[in-house]
Amino acid sequence: MTITDLPHQAAPDTPVSRTPTAVSPPPASVSGASEFASGTDKRNPVKPKRDRFTAALPYVAAVFGTLVGGIGFATSYNTLAEVALSWGFGEDLAAWFPVGVDASILAFLALDLYLILRGIPWPVLRMAAHGMTAATIWFNASAQGEIRADPVKSASHGVMPILFVIGVEAARRLFIQKAQLEAGTATDRIPLHRWILAPVATPRFYRRMRLHGVTSYPEMIRRQQELTAYEQWLRRKYDDDLSQASDDEKLPMRMAAHGYTVAQALAMPEQQEREAQARAEEAERRRLDAETRWELAQKKAEADRLEADGDLEAVRARVEGRTAQARAHARAQASAAERAAELEEKALETALVAEARAREAQAGRVEAQEREVQAAADVRTAELERQAAEKRKEAAEADRVAAAEAQAIETQSIAEARVAAAEANRRAAETDAVAAETRRRAAEADRLAAEEEERTATARADMQAAREREAEAELRAAETRLAAAETERCAVEIEDAAKLTPRERSVRKVARMAIEAGAVTVGAESDGIHRELCRVISIADIQRELDVSSTDTASKYRQEAVALLASGYRP
């Protein structure tokens, strides 16, 4: 027998479930058993009735579980209410205390089940619900007196919440198992008898299942049996001396702690060699690719260099052609310029001669025109002298007429000046009157402003005095509140020492309110105290101070406070 000839699989009749790891195919007995079971089911006429009974079981459990929970909550309601009342919750809040405790249990458990169905469980909710249940059990048990004095009576009050929690835990286990089955992550539980019969090996067995994701308990048993059978075969091969075995043969024992089966461990060397060979081939392929890319890069660089040389030669040719063309063009332009200069010189000489002759003719025409202009200027000068003489004559006549008119105008201007002076004097008098009125109004405004400032100063002084009086009043009120708080503290200490009930404390609180309000006088009768107390302290004040919603309770507190004050109570 060689290393590849493995021994027969142990426990061939053990049915196994499908596992996520690669294992050997399951024995044929599983399918045979399935066929036998299916044949039996076909011949079993009772199966429909059993299926209906099984389908009805969840509803029966839900009905009776709800009944158990309702009974448990109903039995603990009065007990919790009495406990809350003894703790000083007040009659109204004491009635709601058991509702809050039981509602928190239901809310936490329902939210825990909902999160489990959504696939996001949060264990804190479950622990909180169990904590509140334990508190309920303790409240119910301790409300009957000392637990050790009558344990049976105390246990009878705590057993119903325990039964309800057991029912909820059963439903939670059902939901978790259903969700795991739907998600394909359901894990078999290790039987209790294995923990008892193999207490040392079972924790290692459980650890391997959880660490390596083996969800099937039979599959884990099969792996353990394969490993044991392989180890025994290896011992028989080497006469019970495993030190002679090679490292590859010892792999199943070494890799079992890491979740490998015997077949997977034995296949590891070959698989690793194949992977190493694949890695070497991949590295060689990458090396050849790199060499190919390097050669292509070199050839491309050479091609780019040759192409650049060709481009350079083409540029040189274009530059030389353009240079020769420019030189020929420059020589042609130089020849044309020389010929143009010669022609221009000849034309210039001809033009100078013609221009000189034209200037001589022009000078003759200008001299004739100047003589004509001089003759016309002489004629115009004579005419202007004649016109000037006429104008001098007219000016003398105008001077004579102007002298006569000026004398008449002078007399009229003097009269108008006197009228204007009188008007100016009248306006100056009016301006002085307006200025005087303005000064009078300014003085009146200054007087009113001084009176306003005086009134403002008086008002500020009154405000300051009012603030001082208000501060004194606040100080006296603070001292009064401090004295009341000190009285309240002393009264609370006395009440704590006397171990008064919450109701007696409330009545004494109302009595102290009446004393603080001045409703109690020395030697007053009960009726007088009652009338005065009703006058200064209303039912609403008692409700607000003691946080009581019932007017009847507040009225009873006030009546009892009257009786307490009449009996001579003083804090």
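Reply: A cavity is defined on a 1 Å grid over the protein atoms alone, as a set of points where a 1.4 Å probe fits but cannot get out; lining residues have an atom within 4 Å of a point. Grid points are joined across faces, edges and corners, and a volume is the space filled by probe spheres set on the points. This is a predicted model, in which local features need pLDDT of at least 70 and side-chain atom pairs count only at pLDDT 80 or more, while totals for chains, interfaces and linings use all residues. Residues are numbered from 1 along each chain as its sequence is written, and side-chain values use heavy atoms, with hydrogens and water left out.

Me: What is the volume of the second largest cavity?
Reply: The structure holds two cavities of 30 Å³ or more. The second largest cavity is lined by Phe-73, Ile-105, Thr-133, Thr-136, Pro-161, Phe-164 and Val-165. Its volume is about 30 Å³.

Me: Which element gives the most to the lining of the second largest cavity?
Reply: Helices (H or I, at least four residues) are DSSP runs, numbered from the N terminus. Phe-73, Ile-105, Thr-133, Thr-136, Pro-161, Phe-164 and Val-165 form the lining. The most, three residues, comes from α5.

Me: How many charged residues are in the lining of the second largest cavity?
Reply: Ala, Val, Leu, Ile, Met, Phe, Trp, Tyr, Cys and Pro count as nonpolar, Asp, Glu, Lys and Arg as charged, and the others, Gly among them, as polar. The lining of the second largest cavity has five nonpolar and two polar residues. The number of charged residues there is none.

Me: Which helix gives the most to the lining of the largest cavity?
Reply: About 60 Å³ of space lies in the largest cavity. Its lining consists of Arg-208, Arg-223, Glu-226, Leu-227, Pro-252, Ala-256, Tyr-260, Thr-261 and Val-262. By class, these are five nonpolar, one polar and three charged residues. The most, three residues, is given by helix α8 (residues 217–237).

Me: How are α7 and α8 placed relative to each other?
Reply: Axes are lines fitted to C-alpha atoms, for helices over the stretch in contact, and angles run from 0 to 180 degrees between N-to-C directions. The axes of helix α7 (residues 201–211) and α8 come within 11 Å and cross at roughly 115 degrees. Angles of 65 to 115 degrees count as roughly perpendicular. The two helices, α7 and α8, are therefore roughly perpendicular to each other.

Me: Which residues of α8 meet α7?
Reply: Contact means heavy atoms within 4.5 Å. The contact of α7 with α8 divides into five nonpolar, one polar and one charged residue. From α7 come Phe-205, Arg-208 and Met-209, and they meet Tyr-217, Met-220, Ile-221 and Gln-224 in α8.

Me: What is the handedness of the crossing of α11 and α14?
Reply: The axes of helix α11 (residues 502–516) and helix α14 (residues 551–566) come within 8 Å and cross at roughly 70 degrees. That makes α11 roughly perpendicular to α14. A crossing is left-handed if the near helix is turned anticlockwise from the far one by less than a right angle, and right-handed if clockwise. The crossing of α11 and α14 is right-handed.

Terms used:
1 Å grid on protein atoms, 1.4 Å probe; cavity = no way out; pocket = protein on both sides within 12 Å on 5 of 7 lines; lining within 4 Å. Parallel < 35°, antiparallel > 145°, perpendicular 65-115°, else oblique.
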